Amino acid sequence: MPFRERYTGLINKYRDRLPISDDTRVISLGEGNTPLIRLNNIPRMLEKNVDIYVKYEGLNPTGSFKDRGMTLAVTKAVEEGSNAIICASTGNTSAAAAAYAARAGITAFVLIPDGKIAMGKLAQAIMHGAVVVQIKGNFDEGMQLVKEIGKEVPVTIVNSINPYRLQGQKTAAFEIVEELECAPDYHCLPVGNAGNISAHWMGYCEYFEHGIVNNRPKMLGYQAAGAAPFLRKEMVDNPETVATAIRIGHPQSWDKAWNAQTDSNGWFDECSDELILETQALLAKREGIFCEPASAASLAGCIRDVKSGKIPEGNKIVCTLTGHGLKDPDTAIRQASTEILTVNANLAEVKKAIMNNMG
Ligand code: F0G
């Protein structure tokens, strides 16, 4: 059997479609190429004839889709001679920025909302040696500060206002098309700062315009109810949700995301925190896939819209699971519905605990 060509990350795979030259030093951790998993048990429970796939972006090197954009943003920052990058973050961007900066040998400054990021994400920023600045404010305030700092200090901003971020992230759409041999009919994403939905739409449009595929999905953006500016049709000043990754009220890619929704004939909708957590648990228990709360918003919205018939039967749906469940163990354990059994370390007690729970 011939050996498979070694996968070395999405820049090398898609270099013809990215702003890269042969001389560019690529900063990569092998990101991309994430599994597209077809759900079995949930569609059966719904008793609906739909094909639901999840794109498990939590399996990127730092555990979220942010690595797709960060590999390119950091590669270009280094190419342009930058020695430092900065971002505001609800946690995943800062984890990715910290890791890719470490790989490149440059400094990462990360502004995070004090007390409002998941523990795993904070651990990542610290372990990768980022300069962590906790601000007594939310993501939107941090983002505003980063934009101002960018004008005064020689640092490269690697939030998704950096155009290379979206260029890198569009490759998720390429991978989906290549695997399904068509675009899905619907693509569901959680929406926070709104970069990812915009990047996916860019990717689908690029393949469509180049004749690689002859259809494009309807783009469905789901927000947490307490942080849903696209639903309110205006910015939200005090966003709140248990899904801290998308606790954002002033999305930077507002126009791009609106256009993705309008041009694709898709829609935005909101999910309550309860529904988000319920869906996170459902996916973990019924399909063996652990995503973080924000990620579950895509599947939560999808399931609701399939149940109601808003997404009709006979369709192929992709839900992006943006981040790994291990990012936020606290929220997972806090909502756990299964009791942890504590027994003495002897055969009789262990056996009893098992026999009592043989389903
Ligand atoms: N899901 C997760 C797990 C995220 O971390 C984010 C954004 C989103 C969804 C929303 O994506 O912003 O492109 O609409 N996290 C950013 C961060 C804001 O700082 O890590 P978006």
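# A parallel sheet and its packed helices

Four strands line up in the order E5-E4-E3-E6 to form an open sheet with parallel pairing. The edge strands are E5 (131–135) and E6 (156–157), each of which pairs on one side only. Please keep in mind as you look around that this is a predicted model.

- Strands of a sheet pair through backbone hydrogen bonds, either parallel or antiparallel.
- Strand E3 (residues 84–88) runs parallel to E4, and five bridges join the two.
- E3 also pairs with E6 in the parallel sense, over two bridges.
- Strand E4 is mostly covered, with five of its seven residues buried.

**Helices across the strands**

- Helix H4 (residues 92–104) lies across E3 and strand E4 (107–113), and runs at about 170 degrees to E4.
- Helix H6 (residues 139–152) lies across E3, E4, E5 and E6, with a direction about 150 degrees from that of E3.

**H3 against H4**

- Two packed helices are described by the angle between their axes and the distance between the axes.
- Helix H3 (residues 66–79) packs with H4 at an angle of about 40 degrees, and their axes are 9 Å apart.
- H3 and H4 are therefore oblique to each other, and their crossing is right-handed.
- On the H3 side, the contact uses Lys66, Asp67, Met70, Thr71, Val74 and Val78; these meet Asn92, Thr93, Ala96, Ala97, Tyr100 and Ala104 in H4.
- Sorted by class, the contact of H3 with H4 has seven nonpolar, three polar and two charged residues.

**H8 against H9**

- Helix H8 (residues 171–180) and H9 have axes 7 Å apart and pack at an angle of about 50 degrees.
- That angle makes H8 oblique to H9, and H8 passes H9 in a right-handed crossing.
- From H8 come Ala172, Ala173, Phe174, Ile176, Val177 and Glu178, which meet His200, Gly203, Tyr204, Glu206 and Tyr207 in H9.
- The residues of this contact of H8 with H9 divide into seven nonpolar, two polar and two charged.

**H9 against H11**

- Helix H9 (residues 195–209) also packs with helix H11 (residues 254–263): their axes come within 8 Å and cross at roughly 50 degrees.
- H9 is thus oblique to H11.
- H9 passes H11 in a left-handed crossing.
- Ile197, Ser198 and Trp201 of H9 make the contact with Lys256, Ala257, Asn259, Ala260 and Asp263 of H11.
- By class, the residues in the contact of H9 with H11 are four nonpolar, two polar and two charged.

**Good places to start looking**

Note on methods
Residues numbered from 1 in each chain as written. Predicted model: local features only at pLDDT ≥ 70, side-chain atom pairs only at ≥ 80, totals over all residues. Heavy atoms only, no water. Axes fitted to C-alpha atoms, helices over the stretch in contact; angles between N-to-C directions. Parallel < 35°, antiparallel > 145°, perpendicular 65-115°, else oblique. Left-handed = near helix turned anticlockwise from the far one by under 90°. Contact = heavy atoms within 4.5 Å. Nonpolar A, V, L, I, M, F, W, Y, C, P; charged D, E, K, R; others polar. Pairing = 2+ DSSP bridges. Buried < 20%, exposed > 50% of the residue type's maximum accessible area, 1.4 Å probe, protein only.
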